Amino acid sequence: MSVTQFKVEGFNTFYGRSQALRDFGFELKGGEVLCLLGRNGAGKTTALQSVMGTVKPASGQLMLNGENLFGLPAKEIPRRGIGYVPQGRRLFAELTVAENLEIGLQTRKAGREVLDYALDLFPVLKERMDQRSGTLSGGEQSMLSMARAMCVDPLVMMLDEPTEGLMPSAIASIREALVKLRASGVAILLVEQRVDAVLPIADRVAFMDHGRIKAEFGIDEVRNDLSLLHQYVGVSDKAKA
Ligand SMILES: Nc1ncnc2c1ncn2[C@@H]1O[C@H](COP(=O)(O)OP(=O)(O)O)[C@@H](O)[C@H]1O
Ligand SMILES: [Mg+2]
């Protein structure tokens, strides 16, 4: 199987007259984790929503394995193999765990083996299939949101601050799942605000500010020179330790 090639180019997105993305873009291959870092309001969520087509960029290109998906209706984007874990999880709270996962499976008519794979990443969900998702803990909701995105059988997976507000044990589960996903060849875009949340799993780090990518580094460059982080995001000394 060939390696997934994903490329976002020249996204300009507006809310009314205010421009939230400015010539935004990145490239990503299957089996890679690119972390998008930036302060609150930098445009990270808008970038992901612009890819998903739920927010419409005024211009851009969205290439997945040589095909331009730009401008397709929002419901088509997951069908083409782009999984998305929105900020704040966005589950159907009244639906059960099983029903939330079924929605993911239906998106691309994925088979049961895709569901089994997702559940094996998060075994805790297997015990809660009939529970309403609104009653899950924050960590379980995050895992369900990620499992639902996995049920699309994605080539590309984009996650918007999936560890926000979670306890360390839940953060570790999410991280382990991402490592397995990467090993299976999925291209992963991980949005976070804190660099210490991504250093252990990132292959590359891109810094976003005022709607554009300001700089991008390989993870070894960042590890060798943590002062880079200070230049691009407000990082506390604690995060450096
Ligand atoms: N629905 C919206 N309507 C108007 N402005 C928005 C909307 N969503 C986000 N913005 C603005 O766009 C900018 C980028 O926001 P966002 O993409 O949420 O950033 P981040 O995810 O990096 O915190 C901010 O200035 C924000 O206020
Ligand atoms: Mg955001």
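Predicted model: local features only at pLDDT ≥ 70, side-chain atom pairs only at ≥ 80, totals over all residues.
Residues are numbered from 1 along each chain as its sequence is written, while chains are lettered from A and ligands numbered from 1 in the order in which they are written.

**Exercise 1. Describe the shell around ligand 1.**

Step 1. List the residues near the ligand (C-beta atom, placed from the backbone, within 6 Å). They are Tyr15, Ala20, Gly38, Asn40, Gly41, Ala42, Gly43, Lys44, Thr45 and Thr46.

Step 2. Find the element that gives the largest share. Helix H1 (residues 44–52) supplies three residues. Helices (H or I, at least four residues) and strands (E, at least two) are DSSP runs, numbered from the N terminus.

Step 3. Sort by class. Ala, Val, Leu, Ile, Met, Phe, Trp, Tyr, Cys and Pro count as nonpolar, Asp, Glu, Lys and Arg as charged, and the others, Gly among them, as polar. The shell has three nonpolar, six polar and one charged residues.

**Exercise 2. Work out the order of the open four-stranded sheet.**

Step 1. Apply the pairing rule: two strands pair if DSSP finds at least two bridges between them.

Step 2. Read the order. It is E2-E1-E4-E5, with antiparallel pairing. The edge strands, E2 (18–29) and E5 (67–68), each pair on one side only.

Step 3. Take one pair. E1 (residues 5–15) and E4 (residues 59–64) run antiparallel over five bridges. Glu9 stands opposite Gln61 in E4.

**Exercise 3. Follow the pairings of strand E9.**

Step 1. E3 (residues 33–37) pairs with E9 (residues 204–209) in the parallel sense, over four bridges. Leu34 faces Arg204 in E9.

Step 2. E9 also pairs with E10 (residues 212–218), in the antiparallel sense, over six bridges. Val205 has Phe217 in E10 as its bridge partner.

Step 3. Check the hairpin of E9 and E10. Two residues lie between the strands, and His210 takes a positive phi near 45°.

**Exercise 4. How do the axes of H5 and H6 cross?**

Step 1. The axes (lines fitted to C-alpha atoms over the stretch in contact, with angles from 0 to 180 degrees between N-to-C directions) of H5 (residues 138–150) and H6 (residues 168–183) come within 9 Å and cross at roughly 15°.

Step 2. Angles under 35 degrees count as roughly parallel. H5 and H6 are therefore roughly parallel to each other.

Step 3. List the contacts (C-beta atoms, placed from the backbone, within 7 Å). Gly139, Ser142, Met143 and Met146 in H5 meet Ala170, Ser173, Ile174 and Ala177 in H6. This contact has five nonpolar, three polar and no charged residues.

Methods: Parallel < 35°, antiparallel > 145°, perpendicular 65-115°, else oblique. Contact = placed C-beta atoms within 7 Å.
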